[in-house]
Amino acid sequence: MSDTVKFVLDEERMPKAWYNIAADLPQPTPPPLHPGTHQPLGPADLEPLFPMALIEQEVSTERWIEIPRPVRDIYRQWRPSPLFRARRLEQALGTPARIYYKYEGVSPAGSHKPNTAVPQAFYNKEAGIKRLATETGAGQWGSSLAFAGALFGIQVTVFQVRVSYDQKPYRRALMEAYGAKCIASPSTTTESGRAILEQNPNHTGSLGIAISEAVEVAAKDPATKYALGSVLNHVLLHQTIVGQEAMLQLEQAGDYPDVIVGCTGGGSNFGGIAFPFIGEQLRGKKKVRVVAVEPAACPSLTRGKYAYDFGDTAHLSPLVKMHTLGSTFTPPGFHAGGLRYHGMAPLVSHLKELGLIEAVAYPQTTVFEAGLTFARAEGILPAPEANHAVKGAIDEALRCKEEGTSKVILFNLCGHGHFDMAAYSEFAAGRLNDASYAEGELAMALAGLPSMA
Ligand SMILES: Cc1ncc(COP(=O)(O)O)c(C=O)c1O
């Protein structure tokens with residue numbers, strides 16, 4: 001066992017239930033509120049957007065929620081995903097740390113996103129839904145839902161953030177190959193999009209705006225529902241299969257993590273790898289340090305305010321308590337589109353407030369450098385979003401080297417970067433800068449947070 005590189009689980013050992021951290025929290029998360037009345041939301045308020053099965057998962061406090069058989073059958077296509085021991089990276093860094101990474105880039109769409117796209121499409125299909133509308137930042141989520149839609153015969157419309165639509169034509173082509181319709185956001189298709197374009201016809205878009213467009217389309221058509229690729233409790237729930245598998249694989253390796261690292265856009269891959277371990281800790285097992293890594297250009301967890309805010313720019317979505325930069329904040333167009341979101345998942349935000357997780361922010365050039373160090377040692381070229389986790393893990397490993405300690409570091413390599421080569425070329429040509437946001441715009445967006453009675 002001592003020189004094993006890849007820890008694989010048999011399909012039969014794939015977890016049969018998702019882990020719901022709500023069951024183990026010392027205090028519940030503050031409830032989502034109705035955008036108009038500011039009263040706690042009831043299931044009926046969410047019904048125009050989501051099928052009841054997903055609404056039930058959103059509010060559930062059951063610890064284990066069974067993964068339906070048809071979903072498990074599809075998961076089998078790429079799950080259990082491998083857990084690698086990064087032996088060559090350890091050598092390259094000269095660290096005594098033991099570094100493990102869970103590789104989610106083996107999914108058909110190339111990231112962790114199908115872990116939730118498939119069950120979301122499944123529950124919508126069960127509810128008789130014909131069409132789904134969604135947003136995408138990096139194109140990873142859009143392609144994942146497009147893939148899931150193709151499997152279940154659901155038509156998918158994706159509003160792709162303008163900057164990503166322009167940067168990544170092949171992500172768009174992939175969505176279209178799966179049969180989805182892809183529209184650059186802001187678009188003239190919706191009222192929210194038109195209002196933004198009237199003010200600024202060259203708007204680069206944001207996840208907040210793309211969400212508004214998708215929610216508007218779903219709210220106006222009873223046969224269309226909305227699907228979100230991150231942030232919500234049920235999305236993070238679906239991703240916990242990642243951490244549960246990692247736990248079994250680390251058992252094979254005879255290790256348990258001292259530190260867990262994940263990148264955070266809306267919090268889903270991070271929650272997926274970390275929640276099962278935090279849950280064990282909350283139930284009395286070993287304490288783990290958990291580090292969320294975000295971009296310095298969109299630093300919701302490290303610079304945002306913990307407050308009730310809208311999940312979208314046009315304020316069509318419920319109010320949730322989260323770390324936010326303000327729903328009108330447009331992050332600069334840096335190359336990790338999946339991390340360009342103004343808010344953080346309420347569950348992740350809550351854990352940060354409870355002191356159960358830490359957060360750090362890095363500028364994009366340092367994370368691309370880390371990504372290349374990783375690629376040159378391990379061979380896998382990470383997605384720009386995943387580079388944030390790589391950078392976090394490398395920094396932890398270098399700290400171990402300085403201190404002479406041999407900690408176990410686990411991180412989520414949430415996706416590959418094969419559709420992100422334009423960004424890597426820009427970096428190689430020295431054209432990637434550390435785009436920073438306008439402090440004035442951030443202050444304005446934060447000043448505009450809804451006032452709660
Ligand atoms: C590869 C990849 N990683 C991470 C993210 C960020 O989302 P989350 O924080 O929900 O994992 C995205 C989002 O699109 C992504 O495509």
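**Exercise 1. State how the residues that line the largest cavity divide into nonpolar, polar and charged.**

Solution. Begin with the classes: Ala, Val, Leu, Ile, Met, Phe, Trp, Tyr, Cys and Pro count as nonpolar, Asp, Glu, Lys and Arg as charged, and the others, Gly among them, as polar. The lining then divides into eleven nonpolar, 15 polar and three charged residues.

The structure is a predicted model, in which local features need pLDDT of at least 70 and side-chain atom pairs pLDDT 80 or more, while totals for chains, interfaces and linings use all residues. Residues are numbered from 1 along each chain as its sequence is written, and side-chain values use heavy atoms, without hydrogens and water.

**Exercise 2. Give the volume of the largest cavity and locate its lining.**

Solution. A cavity is a set of points, on a 1 Å grid over the protein atoms alone, where a 1.4 Å probe fits but cannot get out; lining residues have an atom within 4 Å of a point. Volume is the space filled by probe spheres set on the points, which are joined across faces, edges and corners. The largest cavity has about 340 Å³. It is lined by 29 residues, of which K113, W141, S230, G338 and L339 are the closest to its centre. Two or more lining residues come from each of β6 (131–136), α6 (140–152), α10 (207–220) and α12 (268–282). Helices (H or I, at least four residues) and strands (E, at least two) are DSSP runs, numbered from the N terminus.

**Exercise 3. Describe the second largest cavity.**

Solution. Its volume is about 50 Å³. The lining consists of Q167, K168, H335, F419, D420, A422 and A423. These divide into three nonpolar, two polar and two charged.

**Exercise 4. Work out the strand order of the open sheet of seven strands and find its edges.**

Solution. Two strands pair if DSSP finds at least two bridges between them. The order is β1-β4-β5-β15-β10-β11-β14, with mixed pairing. β1 (6–7) and β14 (358–362) each have a single partner strand, so one side of each is left without a neighbour in the sheet. Further in, β10 (residues 259–263) and β15 (residues 408–413) run parallel and are joined by three bridges. In β15, L410 is the bridge partner of I260.

**Exercise 5. Classify the aromatic pair F329 and Y437.**

Solution. Rings of Phe, Tyr and Trp (its six-membered ring) pair if their centres lie within 6.5 Å; planes under 30 degrees apart count as stacked, over 60 as edge-to-face and the rest as tilted. The structure has 16 aromatic pairs. For F329 and Y437 the centres are 5.6 Å apart and the planes at 80°, so the pair is edge-to-face.

Terms used:
On a 1 Å grid over the protein atoms alone, a cavity is a set of points where a 1.4 Å probe fits but cannot get out, and a pocket is an open set with protein on both sides within 12 Å along at least five of seven lines; lining residues have an atom within 4 Å of a point.
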